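Dear colleague,

I am passing on the structure below, and my notes on what was found in it follow directly after. Please read them with the structure open beside you.

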Amino acid sequence: RAVTEEQEAVQNEWPSVASSSEQSYLTDQSSGLQRIAYAAQDTFALIVNSFNVARNIDDLLKVDSGPKVRGKTVRCLDGLRTLSMAWVVLGHTYIWTLSLYDNPSKVLETEQRFSAQVLDNGFLSVDSFLFVSGLLAAYIMLGMAAKSDKLPFVKLYVFRILRLLPLYMFVIMCQWWLLPYLVFYSPASMGLPSVDPNCSKYWWTNLIFISNFYPTELKDICFPVSWYLSLDMQLYILVPFVVLLFHRHHKSALAILLALLCTTWIVTASIDYHWNEPPNMMAYPGQPIEGWKPDVYTKPYTRSGPYIVGVLTGLVLRNGWASLFFQRYMTVWRCWLGWAASATVMVTVVYGLYPLFHYQPAHTFTRAGNVAYGTLHRTAWGVGLSWITLACHNGWGWWVNDILGAPQWQPWSRLSFAWYGLSSFGHMETCVHHERDRGIQMLRYIFTLWGCHGIPATSCILSS
């Protein structure tokens, strides 16, 4: 406004013989400066308003109670993502507190229970997230390609990085500088330096999303659970190319995805056979499994199975193939058969290792059995999730869709990334401040788990 008044004053003092082109130049310059000023004000207001706690909480808790099926939104993913995140925190709480108890024999006895297989095989929660991530990426990008016949590759990558980095950098800062003070005077603080040495050396690997490759040991990563973000970003880079190819040549894209899936199986089987890996990191306690985590657990060439299944599911959902199939060929008995097959596969994957835990150390799988399970179980889990998603989205989910598609899951689903990032500090604050002479008990574990859920949940809401 001040700039405009100044320009008007200059024009009033200008000689009447001034040419119309000169007056037009001053007017255009004034309007340009005015637009810049307004844009700067709007940007500043937008930045300040992003820290509006009342508005953010209102957006966070807002739920859409519209139809749960056959819409543009795959509603069942809200419940699936929330339950998977709870499973992740459940597993981390169990693993991170094992060293704090003085009765490890009781821990071994707990692992031998049939009900404890959910904990022993909790690594599948990561595969659930990989499936959901691949599905959403393909689903959204195919919709963009259908509108413009192209994809903004650079925009997609930049937007994803900008969406992840602010909270990610905040968590790394807390891991680097705040974490030593959280665990001070606790059993885990013995010999702990004033700052995290891993973050001092390797913080940059997190920011460029290569922490699952370097450093080579998982224990050396700054913010150890961040290997998943690196893995997810590396897989995400390939999705726009596959989606655009699918939009133009369906068969070529499907052939490439199947070839990538077979390559994942071959590489995983080769690594498992060469190193004689166990089927699960916790399957053979006391045996050396140093190569298991870095070689099999964190690399895209061994973990991409459920992600590829998710991409395929997102493609067939978006282009209407799944809807057409269910409309033409699905009957009640075929649907029951699909649910029975999916449940059988998923239950076998989760509880198939029960003999290894129940009869330790006498019972072990053969080398071929280890390779077969280690190679196929993640993809099989993704296939089971694919059926759940397809059936629920197309009206054949019945009560399963009523549960997974309930609007109450939506706030927790929005918090999943922040929940994942901040849960480790809940573990440190709630789990580490124990005396070592305590034994593992189910009631104490439940209270510990509640603390590890409650602290990050509260932090997520406040940081949103």
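Cys199 is buried, because its relative accessible area is 0%, where buried means under 20% relative accessible area, exposed over 50% and partly exposed in between, computed with a 1.4 Å probe and protein chains only. This is a predicted model, in which local features need pLDDT of at least 70 and side-chain atom pairs count only at pLDDT 80 or more, while totals for chains, interfaces and linings use all residues. Residues are numbered from 1 along each chain as its sequence is written, and side-chain values use heavy atoms, with hydrogens and water left out.

The structure holds one disulfide, a term for a pair of cysteine sulfur atoms within 2.5 Å. Cys199 and Cys222 form this bond, with 2.0 Å from S to S, and their link is right-handed, with 85° about the S-S bond. The pair connects distant parts of the chain, 23 residues apart, since Cys199 lies in helix H9 and Cys222 in the loop between H9 and helix H10 (227-248); helices here are DSSP runs (H or I, at least four residues), numbered from the N terminus. Cys222 is also buried, with a relative accessible area of 0%.

Cys392 is likewise buried at 0%, but the closest cysteine sulfur, in Cys76, is 4.7 Å from the sulfur of Cys392 and therefore too far for a bond. Cys174 has a relative accessible area of 8%, so this residue counts as buried.

Helix H9 (residues 197-207) also holds Trp203, which counts as partly exposed because its relative accessibility is 35%.

With kind regards

Terms used. Helix = DSSP H or I, 4+ residues; strand = E, 2+ residues; numbered from the N terminus.
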